[in-house]
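Student: Could you show me how to read a protein model, one feature at a time?

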Amino acid sequence: MKQLLTTDTLSPDSAHNPPSRTTARISLLAVVWLVTLAATLQAQTPEDDLIAAALAEQLSCRNVELVTIKEQQPLLQQRDICLAAIYRETGGNPLWVSAAGPGPAAGVIIDRLRRCHLDGLEPEEYEVSLLESLWTANRPDDLARLDTLLTYNLVKYIHDISFGQLKLHLANPQLFAEAGNTGFDPVQSIRIARSMADLGAYLDSLPPQHRYYVTLKEALARFRQLAVTADWPNIPSGPLIRPGDSDRRLAAIISRLTATDSTEGIDTDAPGRYHEPLVTAVRAFQRRHGLETDGIIGPQTLAMLNRTPAEAAAIIRANLARWRWQDHHLSDTYLMVNIAAFHLKAVRQNQVVHDLPVIVGKFQHQTPVFSDSIRYLDFNPFWNVTPSIARNEDLPALRKDPRHLVDRHIRLFSSWQPDAHELDSTAIDWHNVSRSQMSRYLLRQDPGPWNALGRVKFVFPNHHNVYLHDTPTRDLFQQTSRSFSHGCIRVSQPLLLALFCLQLNDETWTMAAIEDIVASGRRKVISLRKRLPIYLTYQTAWVDKGGLIHFNADIYQRDTKLLQVLESR
């Protein structure tokens, strides 16, 4: 779906004129469309003629305005132009209604729009109440309006469920760069929808089909039901509750865990003492909420226990929205990084083979969300220090200590060009080197145990300059929250992951062979004949294969911003 439904221009003429000089009068669409309409009215009943005439009046009676191709918004955002373009394409006839009222396809459309809340969308964003108010209308102008409402809200739904809501991208193009499709073609989308023998089945095929999305939909329904039916009193703060303690709050904690998690084996008849089965359940709860699994019930654990079902449902809704602008169909063998969970899953034939802790970017150096394919592995790699790190970190350090680069086995070259020559970094007066001048130098760290990339990096060339790699700083993997990098992803067991990647191409690879390459100290690049898909995701809510919901900290504070846009009208 991510490849479908794009448009090049508003009118045929615009393809042959420079954008700065190209204009299109909205009224021209109506003129061409009305000529087409006149030729088609002869084939209709008198009653249908009245609806078509009302349709023509509604779509042609608009203020004439000039829209430059350079400045125009996405066609979907310009409702009148969008509808004029669609009905011009279809001959000016009603698409879903007749004098007898809404047809079968209209029923499929409104039913889908009514149920869009199951995907975390809002039915009123697709004017469901207005559609329902016109459903039994019999006046031609009301039926014409019903037809245009069905058409516009159908194409809007098709876009939103296929690519994510465009309003997210328009609200924050940097944060929600992948949301929506600004080149979406409403005319083509209607053409495809009307060609389907089973419109309902076609609409069913549009949302993401993988289990990550489907299970979140199920969780959304479950938490929305809890919000309606469950009693959710606040568990008060107080002293830490440690294993073996007694506390009056434990009865409420057991009740809360029972509503959302498995509490098998817990003695609910003696809820005042924090005994071992309950400790195990609390540790599992902590693990599923990205907390330290120490079994101690403190402020962070209480905060998660007090999160209401409605609040949880909102987080799930945000994650469903993110999945809609990412890949809808996943390969059966892939790597998936969940940035918010600090974990990487290596999946083969839809089975998780490895689940590895990773380190991701700091808040000010956020790891991006996108999909790509790993093309090669680079053993004993050089590290070319990025210009931003050179400017912001190495230059200040060199001004304090001229041996800063030498002590870290980093060589200095005059430029990034192939003919650059090596310089003596200790002979330069770094106080006279500006930040912009520093960016011209190439700083290259030699392979070895000191190298920031460690023993191997996994390369999927991209404009973010992000990749997976080893790290000599192993102790950071013991932290629960692991956002320490400049954007790349550091892997806790890189040689194990390397074996996974290489064996997908050649089963004869062994760990001993990989260790021999590393021990040689020489750089070796191994290309993958079968490129391995990798998905960098930001999931603050997800469901494991056991059906249990997990929530992770919103480390980049994206959920709040996303929900603010989703809830705006």
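Predicted model: local features only at pLDDT ≥ 70, side-chain atom pairs only at ≥ 80, totals over all residues.

Student: What is the mean pLDDT of the protein?

Tutor: The term pLDDT stands for the predictor's confidence in each residue, on a scale from 0 to 100. Here the protein has a mean of 88, and 88% of its residues reach 70 or more. Over residues 1-43, however, pLDDT stays under 50, and over residues 62-71 it is also below 50.

Student: Which residues does the UniProt annotation "active site" cover?

Tutor: UniProt positions are given in the numbering used here, with shortened feature names, and annotations may be inferred rather than shown by experiment. In the unreviewed entry, the "active site" annotation covers His-469 and Cys-488. Although they are spread over 20 residues of sequence, they cluster in space, with a largest C-alpha distance of 7.7 Å.

Student: Is His-469 buried or exposed?

Tutor: A residue is called buried under 20% relative accessible area, exposed over 50%, and partly exposed in between, using a 1.4 Å probe and protein chains only. His-469 has a relative accessible area of 5%, so it is buried, and Cys-488 counts as buried because its relative accessibility is 13%.

Student: Where do these two residues lie, and what does Cys-488 touch?

Tutor: Helices (H or I, at least four residues) and strands (E, at least two) are DSSP runs numbered from the N terminus, and contact means heavy atoms within 4.5 Å. His-469 lies in strand E14, residues 468-469, whereas Cys-488 is placed in the loop between strand E15 (483-485) and strand E16 (489-491). Leaving aside neighbours within four places in sequence, Cys-488 is in contact with several residues, including Ile-359, Thr-367, Tyr-467 and His-469.

Student: Where is Leu-95, and which residues is it in contact with?

Tutor: Leu-95 lies in the loop between helix H3 (79-89) and strand E3 (97-98), and it counts as buried because its relative accessibility is 12%. Beyond its neighbours within four places in sequence, its contacts include Ile-86, Tyr-87, Asp-147 and Arg-194. The C-alpha atoms of Leu-95 and Ala-144 are separated by 9.6 Å, although the two residues are 49 apart along the chain.

Student: In what order do the four strands of the open sheet come?

Tutor: Strands of a sheet pair through backbone hydrogen bonds, either parallel or antiparallel, and two strands are said to pair if DSSP finds at least two bridges between them. In this case the order is E9-E12-E10-E11, with antiparallel pairing, and the edge strands, E9 (383-384) and E11 (422-423), each pair on one side only. Strand E10 (residues 410-413) is joined to E11 by two bridges, and Leu-412 stands opposite Leu-423 in E11. Four bridges join E10 to strand E12 (residues 442-445), where Phe-413 stands opposite Leu-442.

Conventions. Residues numbered from 1 in each chain as written. Heavy atoms only, no water.
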